Amino acid sequence: MDTMIHSSEGGVVRPALSVVIGIRNWGLDRLDVAIRAHLGSSIHGIEVVISDYGSENHRDVEAIAHRHGCRYIYTVADVWSRSAALNAGIKAASSENILTTDADILFAPQSHEILLKNLALMPDSVQIIQCRDLPEGFGADSLTHFDWDQLFQVSSIRPRWGMGGSATFTKALFARLHGFEERMTVWGGEDNDLVQRARRSGAILNWVEDAEAQIYHIWHLPDSRGTSSAGTKVVEQNKKILNEDRTMVRNLARTYRGSASFVPTVSIVITTRNRPNLLQESVASCLNQTFQDFEILVVDDGSDDELKPMLDDFGDDRIRLLRLDKNRGVGFARNYANRVARGEFIAIHDDDDLMLPQRLEHQLSAVLDDAAGSYGGWIDFDDRTGALVPNPGRTTFDRGSMMFVRTLVHASILIRRQVLEHYRYNENFLANSDYHLLNRIARGGVGLAHCGHYVILRRLHSHNLTGTHSTVQKSTANISKAMARGAISAGLEQRYKKASRARLEADIPPSEVVAAAQHLPPRLRSRKIRVEFSAPLTGQHGEFQALASVLSSCENLNLEFTPGPLGGVKAVTLADSGDGARDQLISMFSTMGSIDRVTEMMLPLAYPDYSTLEAEIAEGDSVERKYISIDTIEGCLPVLQKHCRYCHLSAGGAAGYILGLPPLQPAVQALLQAKLRRFPADHRSQGGV
């Protein structure tokens with residue numbers, strides 16, 4: 001059969017099939033023979049892409065590719081990775097249909113056409129032809145022409161492991177899986193791994209049963225790669241990934257958006273109305289993700305002002321604006337976006353929240369086996385002061401947890417689009433349709449996994465939907481709870497209630513809260529300098545008097561103490577004014593003692609130093625600090641270091657200084673204040689913060 005198949009898009013004629021061959025330092029004779037076989041296909045005009053991953057003889061490889069009219073892609077690389085080579089070739093391929101294979105595989109003339117016909121019948125599939133091995137004597141030097149009947153007779157069938165020398169699938173499936181696993185290097189496992197993840201995503205694996213569809217492995221001496229002790233170790237690592245990693249999407253820090261036709265892995269859905277400034281910050285945080293294969297759908301639910309100019313300023317074609325002609329409500333807006341979304345997953349986001357940079361990466365990594373999605377912890381922040389309240393969330397998402405404890409917030413969810421095609425938001429609810437949806441999803445047995453990280457900064461301000469529609473929120477929440485409880489017996493309700501209270505909160509390290517603080521809006525952050533000394537300052541050599549001199553210059557100091565008999569001031573944190581005075585201040589500190597390191601940090605306005613932030617995180621809520629007036633600091637600092645981890649000092653003008661004490665046990669605080677009375681000071685209480 002002499003068939004020519006092309007697809008056309010926007011007037012551009014594309015090949016029906018792109019054959020992608022990964023290569024590195026292979027025999028050129030085998031490559032030449034393999035290309036000739038592909039070009040003899042019954043489909044004329046197929047594209048052959050040679051993805052050279054660091055060959056030393058790449059000039060010769062390129063010459064062969066150009067002689068046959070193939071596309072040639074070269075990547076500088078120290079280590080062979082078939083996964084990375086194929087990913088680079090697929091990204092550059094022109095067709096939406098991809099056939100991946102090696103440089104020593106021959107394809108019989110009808111094979112490509114049969115693969116394409118099967119793929120047309122099963123678009124969401126991986127099509128595989130079982131490979132046959134040619135015997136010794138049928139190397140590249142003997143294959144000057146192809147006697148396909150003879151090759152069939154002399155060859156032996158290869159067992160069905162791996163992908164048999166080839167795999168055919170669409171770019172849409174490639175994008176959904178985010179390519180071959182690039183942690184796998186040298187040889188082994190990348191083909192099995194792709195098939196495993198494809199099936200996990202719902203795709204079909206089809207071994208082609210057609211006598212005309214045949215592929216053959218050219219005989220050659222065994223390859224030595226992977227046989228050394230180091231190579232064997234890499235192969236074992238590959239096997240471990242294959243057998244133990246149950247996620248679907250990989251290579252999360254890379255992008256494979258090779259063309260506009262790529263289906264994004266994630267659709268970020270944001271609904272908004274009349275909050276353009278907040279929306280701008282929200283969208284910017286989405287664009288700052290470590291995982292970049294996404295689209296952003298902004299649904300304008302009848303705003304008074306046009307949002308397009310502001311969104312166009314980002315200059316990113318992944319942002320799509322969906323404008324509703326009038327206010328239809330958040331439930332309608334989200335359902336509309338979910339119908340338009342193209343991603344395999346939908347990341348739910350609010351227009352006043354901020355995504356932490358690794359949100360999508362962390363949440364995609366948590367989608368194991370047949371899980372429908374994932375969620376994470378959230379950090380509330382005060383939009384006036386930047387004060388933070390971490391909420392790690394519960395580790396179990398189920399019916400009982402949604403009914404009786406606060407497991408998650410809606411805007412922390414990443415979920416398969418197919419789930420939201422079935423479970424839609426109730427458009428009759430003016431507010432709280434998200435809670436109603438999550439209850440129904442939990443009752444339906446849909447599995448969501450906690451990713452083990454904080455994923456969003458949730459803004460607390462006067463225009464929160466919860467605050468502006470509090471009556472409606474409570475009403476719809478009560479309706480949702482009544483519907484959930486009405487479907488179960490009183491006894492079962494009690495069992496759910498008991499089980500839900502046993503659900504643990506996620507154990508997320510406090511360091512993630514500190515890291516998240518760096519992503520608050522700039523107006524809520526202040527730049528600090530932390531000077532850490534090699535040995536604690538004890539005041540024996542006039543260091544505390546020098547501290548008083550520095551304090552008069554910079555107005556505020558935050559001191560950290562090292563406890564114990566040899567303790568003292570181990571670090572000082574102060575504001576970075578940015579006016580050139582920093583070097584002068586550091587020079588003054590260097591006269592007090594040897595400086596171990598100087599660290600720059602951004603802290604929320606609510607916290608004078610890292611220690612205060614750390615303490616409030618440990619308490620789980622804002623803590624009240626005690627402030628008193630003192631006339632001197634030289635005498636009180638040795639006393640403070642015996643009872644405090646840190647303190648705050650500020651210049652108090654005529655009153656001397658203001659000493660800020662951290663939260664202390666009542667007995668400790670009473671003892672400390674009694675000791676401070678020995679020093680000539682005016683201990684007038686300044687109250688709490």
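In helix α1, the buried residues are Arg30, Leu31, Asp32, Val33, Ala34, Ile35, Ala37 and His38; buried means under 20% relative accessible area, exposed over 50%, and partly exposed in between (1.4 Å probe, protein chains only). The helix covers residues 28-39. Its 12 residues reach 17 Å from the first C-alpha to the last, close to the 16 Å expected at 1.5 Å a residue, where the expected span is 1.5 Å times one less than the number of residues. Helices (H or I, at least four residues) and strands (E, at least two) are DSSP runs, numbered from the N terminus.

Asn25 sits in the loop between β3 (18-23) and α1. Although Asn25 is not a glycine, its phi is positive, at about 55°. With 35% relative accessibility, Asn25 counts as partly exposed.

## About the model

This is a predicted model, in which local features need pLDDT of at least 70 and side-chain atom pairs count only at pLDDT 80 or more, while totals for chains, interfaces and linings use all residues. Residues are numbered from 1 along each chain as its sequence is written, and side-chain values use heavy atoms, with hydrogens and water left out.

## The chain as a whole

The chain has 689 residues, and 54% of them are buried. Its secondary structure comes to 24 helices and 30 strands. Among contacts (heavy atoms within 4.5 Å) with a separation of 6 or more, 79% join residues 24 or more positions apart.

Helix α8 runs over residues 229-244. Its 16 residues reach 22 Å from the first C-alpha to the last, close to the expected 22 Å. Gly231, Val234, Val235, Asn238, Ile241 and Leu242 are its buried residues. Seen down the helix axis, the buried residues of α8 fall within an arc of 115°, so they line one face of the helix; the arc is that of the directions from the helix axis to the C-beta atoms.

What do the buried residues of α8 pack against? Their partner is α7 (190-200). The face turned away from the buried side carries the exposed residues Ser229, Lys233, Lys240, Asn243 and Glu244. Lys239 also belongs to α8 and is partly exposed, with a relative accessible area of 42%. The C-alpha atoms of Lys239 and Asp193 are separated by 9.3 Å, although the two residues are 46 residues apart along the chain.

## Around α8

His178 has a phi near 65°, a positive value in a residue other than glycine. Is His178 buried or exposed? His178 is buried, with a relative accessible area of 0%.

Ala253 has 62% relative accessibility and counts as exposed. Its C-alpha is separated by 9.1 Å from that of Gln289, which lies 36 residues away along the chain.

Thr168 is part of strand β11 (residues 166-170) and is buried, with a relative accessible area of 1%. Leaving aside neighbours within four places in sequence, Thr168 is in contact with Leu17, Ile98, Leu99, Leu115, Leu119, Ser125, Val126 and Gln127.

Leu585 belongs to helix α21 (residues 582-590) and counts as buried at 12% relative accessibility. Not counting residues up to four places away in sequence, Leu585 touches Val550, Ser553, Cys554 and Leu574. Leu585 and Val550 are 35 residues apart in sequence, and their C-alpha atoms are 7.2 Å apart in space.

## The largest cavity

How many cavities of 30 Å³ or more does the count give? The count is 2. On a 1 Å grid over the protein atoms alone, a cavity is a set of points where a 1.4 Å probe fits but cannot get out, and lining residues have an atom within 4 Å of a point. The largest cavity holds about 40 Å³ of space; grid points are joined across faces, edges and corners, and a volume is the space filled by probe spheres set on the points.

The lining of the largest cavity consists of Asn558, Pro608, Asp609, Thr612, Arg625, Tyr646, Cys647, His648, Gly660, Leu661 and Pro662. Strands β28 (646-651) and β29 (657-661) each supply at least two lining residues, and β28 gives the most, with 3 residues. By class, the lining has 5 nonpolar, 4 polar and 2 charged residues; Ala, Val, Leu, Ile, Met, Phe, Trp, Tyr, Cys and Pro count as nonpolar, Asp, Glu, Lys and Arg as charged, and the others, Gly among them, as polar.

Methods: On a 1 Å grid over the protein atoms alone, a cavity is a set of points where a 1.4 Å probe fits but cannot get out, and a pocket is an open set with protein on both sides within 12 Å along at least five of seven lines; lining residues have an atom within 4 Å of a point.
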